[in-house]
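Here are my notes on this one, written as numbered points. Keep the viewer open and click along as you read.

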Amino acid sequence: MLLFILGMAILIAGYFVYGRFIERLIGPDDRPTPAVSQRDGVDFLVLPHWKNMLIQLLNIAGVGPVIGVIIGVKFGAIVFLIIPIGNIIAGATHDFLAGMMSIRANGANLPAIVRSNLGKGFSSVFSVFMCLLLLLVVAVFINIPANLIDAFVPEYGIFWLAVAAIFIYYIAATLFPIDKIIGKIYPVFGGILVVGTVAIFVALMAEGFTSAEILSESEAFKAKMWTEANSHPIVPLLFVTIACGIISGFHATQSPIVARTMRSERQGRQTFYGMMVVEGFIAMVWAAGGLAIYNLFPGQFDEKAPLVLSKITTHFLGPWIGSITVIGVIILAITSGDTAMRSLRLSIAEIFGVKQAKFSARLGVVVPLIVAVSLLLAWSNSSQRSFDQLWNYFAWGNQVLAASTLMAAVVWLRRSGKNVMAALVPGMFMTYIVVCYILWISPEHGGPVGFGMPLSQAHGAAALLTFILTAMVVDRSCSNKLGRLK
């Protein structure tokens, strides 16, 4: 219980202290934003500040801060410190930098940001990788809410009907101007999300203050909790499992969407940094709910995360309010999937220089995406193993984006003559995590295909490769700065 309260305090203090520090480092000013200078009425237009914040929150808060942390809390109560510290130093900083780099580059998407800061060679590979990852995101965030809807009314067997309805919505949200669909319905979705999360938080606090042990590690929990001894090392596995509550590279693909609708740069800290902190709050609440259920009902430890989610809601809120909360989780997935597909359209159009003001041009980009996502959906639902592979590749690929974005920010900050450590330290850490995970993971270690190295060797090799890659990025940042000064 104490770690949970301390973690919440870190989140709140971090927003006001470290968030202000990052804001001063970036230096938002009153220059015209892309929403004003590049207005096209489709992707570039001014939206109210409160609406931008809700859009950003729902864009980034997929099922990761719910399903991911229900799984991740199996590492123990230490996650109540790792989530907020990682969120403040790495995740929120990453989102803020990604959003501001986009604003300063006229609303550029992530591939263009990476190209201008890390070079064409890396960018070519990165752009293909990112587009493939976003295809996985769209497929995952059709699958998961469709499964939740199907489980919500199991007697009707409506999985494929739900898949079709969600996919049609994604297509519409991708094609139409941002203020016509996303800008209209996100405030409603945001309200449901806030009500559900706050309800769980209040119920947890009420029960926790009378039975503090539910948020501690019981003996039954300790007997099953994940450790290195049972092939679940915190480093690197935790930082891939709990992506969205700590740091998520997917967010860097979403921030440019809102960067194109902001009236002022000075809204950046609340919109980018602040909404990631709110996601941290969501992650903390659901992690606490997961730990409580594992303590109260030890048999739930071995159940799949969606079933544990259902148990959390019905135990703490009852069937009626619990149902509203499950709907909120479904919304979380849907509101990340729709903007993932939108971001994919924008990125591909930017790479190939296709202007998106005309509907026919947008449709020309979206039709191949519909075909690709349909094929992924068919494959991923052919077996549980196929879907597990899809999720695993998405999980570590997501953190490749995070490491790349932070390293691009190192070059961007150095070009401006600013201190790079705020981006360099988390960038090095995430590079280490990704490299270590890929070197260690294998089917024998309970994951997708990787190199399957012993953990100690993976740590050593990851440290060496991280040092080499960091030296290359720092060298490039120095070269870019010298070239600019000349």
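1. Start with helix H3 (residues 49–60) and helix H13 (residues 250–259), which pack at an angle of about 155° with their axes 9 Å apart. The axes here are lines fitted to C-alpha atoms, for helices over the stretch in contact, and angles run from 0 to 180 degrees between N-to-C directions. That angle makes H3 roughly antiparallel to H13; the cut-offs are under 35 degrees for roughly parallel, over 145 for roughly antiparallel, 65 to 115 for roughly perpendicular, and oblique for the rest. Helices (H or I, at least four residues) are DSSP runs, numbered from the N terminus.

2. A word on where this comes from: it is a predicted model, where local features need pLDDT of at least 70, side-chain atom pairs count only at pLDDT 80 or more, and totals for chains, interfaces and linings use all residues. Residues are numbered from 1 along each chain as its sequence is written, and side-chain values use heavy atoms, with hydrogens and water left out.

3. Which residues of H3 and H13 meet? From H3 they are Asn52, Ile55, Gln56, Asn59 and Ile60, and from H13 they are Phe250, His251, Gln254, Ser255, Ile257 and Val258 (contact means heavy atoms within 4.5 Å). Sorted by class, this contact has 5 nonpolar, 6 polar and no charged residues. For the classes, Ala, Val, Leu, Ile, Met, Phe, Trp, Tyr, Cys and Pro count as nonpolar, Asp, Glu, Lys and Arg as charged, and the others, Gly among them, as polar.

4. Stay with H13 for a moment: 10 of its 10 residues are buried, so H13 is largely enclosed by the rest of the structure. Buried means under 20% relative accessible area, exposed over 50%, and partly exposed in between (1.4 Å probe, protein chains only). Phe250, Pro256 and Ala259 are among the buried residues of H13.

5. Next, look at Cys244, which sits in helix H12 (residues 243–246). Is Cys244 buried or exposed? Its relative accessibility is 7%, so Cys244 counts as buried. Leaving out residues up to four places away in sequence, Cys244 touches Ile60, Gly64, Pro65, His251, Met276 and Glu279.

6. A cis peptide bond joins Val235 and Pro236, with omega about 15°. H11 is mostly covered, with 6 of its 8 residues buried: Pro236, Leu237, Leu238, Phe239, Val240 and Thr241.

7. What does H11 pack against? Its axis comes within 9 Å of the axis of helix H18 (residues 421–440), and the two cross at roughly 105°, so H11 and H18 are roughly perpendicular to each other. On the H11 side the contact is made by Val235, Pro236, Leu237, Phe239 and Val240, and on the H18 side by Phe429, Tyr432, Ile433, Cys436, Tyr437 and Trp440. The residues of this contact divide into 11 nonpolar, no polar and no charged.

8. Compare the pair H8 (residues 159–175) and H16 (residues 359–380), whose axes come within 10 Å and cross at roughly 155°. That makes H8 roughly antiparallel to H16. Among the residues making this contact are Trp160 and Phe167 of H8, and Arg362 and Val366 of H16. By class, the contact has 11 nonpolar, 2 polar and 1 charged residues.

9. On to the inside: the largest nonpolar core has 172 residues, and those with the most contacts inside it are Tyr170 and Trp286. Such a core is a set of buried Ala, Val, Leu, Ile, Met, Phe, Trp, Tyr and Cys residues joined through side-chain atoms within 4.5 Å. Residues touched by Tyr170 include Val138, Phe141, Ala333 and Met341, not counting residues up to four places away in sequence.

10. Asn106 has a positive phi of about 60° although it is not a glycine, and Asn106 lies in the loop between helix H5 (79–104) and helix H6 (110–118). Ser231 also has a positive phi, about 65°, without being a glycine; Ser231 is in the loop between helix H10 (219–224) and H11. Asn106 is partly exposed, at 46% relative accessible area, and Ser231 counts as partly exposed at 35%.
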